[in-house]
Amino acid sequence: MAALYGDYTRDRVGMFFGLTGVQLSILVVAAMPVLWAVNERLWASAGIAVLVWLVVFVLAVVPVRGRSATGWLLGLVSFTAGTVLRVSRWRSKPALGVAEDLGEPDLPGVAAGVRVHDGPPQGPFNTRLAIIQDKATGVWAATAAISHAGLALADSSERDSQGRGLTVLLNACARTELISELILQVRSVPDDGAERAEWMASHTDVAAPELSLRVNRDMAGMLSRASVRTEAFVTIVVPEHRLARRAKEFGRGVDGRARAMHMLMAEVESHLRNQMAVREVTWLTSPQLATAVRTGFAPGDRAGIVAALARRANGEQINADVPWAQAGPAGAEQAVRHYAHDSWHSISAAVKLPARGAVLGALAPVLTPGQPGERRSLVTVFPILQATAADRKARNAEWGADMSQTLRDRAGVKTRAKDRESQARTRGLDSKLAAGHALVRPYAVACATVPATMNITEFGSHLDVAIRRAGFAPLRLDMSQDAGFAAANLPLGICLHRKGAGA
């Protein structure tokens, strides 16, 4: 039987009956008028103050679909302001006729600060790999397309081996003291038959019998409708303040940072091939990354790009590369519960970890398209804490668990089984860190993309069902659908947990 992975705890442990220090401070301050009114025997004022305290309690403590009520109110106000000011609607520079530099990315939303640089020549073919810079969050990234056999036919021993390989990879990333995040992204798309069409066009014998040609054409059409093509990417992310120190050894500037990134890319590639049995690792160049971004926004454009690349390979003088200025959509608009980009709609949901744990590969049903024309995407992000931050967090979490248990015992409150398990995991975290393991805070985001002519609400419900069928719980990213789409579909190192430069 495959190992069940469930050794994770809450990122923030409430010290006082599940409340954090900030929540407790808010409640104590809100209770001051109640105590003052009772002391002065102003019973009417005391009753009003109690009602106010209850409202503050609901706003600050009671969670509503993963957020506090205050968080929802702030999100609603900012979203409404963006809609009124038309900030939520975006149009590209080429669509407005004001594009000047076709090599400069023109992307909407959280990807607006992305810039792509060509690294120094590498290898026997002097390949210049793409180095991604996100100026908005102050990080650098590099992306590789990978080919993996998958886990659908793997037995329990193979799954356990893959799990250990992922652990070794994350620990190696932590030991570099540079990599802050490892991102694994998978896009499952109905096959457009572009490669098969090109192969048939170059290998079909025009003198063959008409019946044979017709049978082959019909079979190709049926196979294309029934086939699913999977694209997988791995991205490493390095904060600017860490990379700048290492880049001094390589000459500073973009070139120095690119050379430092190349060292990390080679180290990660060796672990991918040896520990996780990845058959092929191809670090993307700038044109390849632009194509991946374009097909992320518009899956239907891939067939034309493949045809253009085939014609160029046959010797035709044709520009098959996607300019960065046109890699994004012509227009995009964010709604409350979905994201519209050109003639496509997308809907995203976060994947909540189950309390009982999960086996490796349990999210496979999420990547299975439910209907023709639907694309499913899934990104799993592994933020890696530095050793000092991990030790501090483990120490604070253990202290919080002990404090919470002491208060429960003195108040005579019975500890529930779920709380006992959480406390045991928290206390065991220190021993795992002492053994040399890295502390990560993983999360996953799933996304469904369909043509605008289809009902995106229905496909969002299908996505939620697929997540629940896999044993997880969905959490719809309302009012943040653009960020969820970018994280799940664009291999640019975009995450949901970063807040600003220097993160």
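This is a predicted model: local features need pLDDT of at least 70, side-chain atom pairs count only at pLDDT 80 or more; totals for chains, interfaces and linings use all residues.
Local features require pLDDT of at least 70 and side-chain atom pairs pLDDT 80 or more, whereas totals for chains, interfaces and linings use all residues. Residues are numbered from 1 along each chain as its sequence is written, and side-chain values use heavy atoms, without hydrogens and water.

**Exercise 1.** Determine whether Glu374 is buried or exposed, and identify its side-chain partner.

Solution. Step one: the relative accessible area of Glu374 is 0%, and buried means under 20%, exposed over 50%, partly exposed in between (1.4 Å probe, protein chains only); Glu374 is therefore buried. Step two: the side chains of Glu374 and Arg376 form a polar contact of 2.6 Å. A polar contact is a pair of N or O atoms within 3.5 Å; within protein, one must be able to donate a hydrogen and the other to accept it, and residues adjacent in sequence count only if both atoms are side-chain atoms.

**Exercise 2.** Classify the orientation of helix 2 and helix 3.

Solution. Step one: helix 2 (residues 43-60) and helix 3 (residues 69-84) pack at about 75°, with axes 5 Å apart. Step two: angles of 65 to 115 degrees count as roughly perpendicular, so the two helices are roughly perpendicular to each other.

Notes
Axes are lines fitted to C-alpha atoms, for helices over the stretch in contact, and angles run from 0 to 180 degrees between N-to-C directions. Helices (H or I, at least four residues) and strands (E, at least two) are DSSP runs, numbered from the N terminus. Angles under 35 degrees count as roughly parallel, over 145 as roughly antiparallel, 65 to 115 as roughly perpendicular and the rest as oblique.
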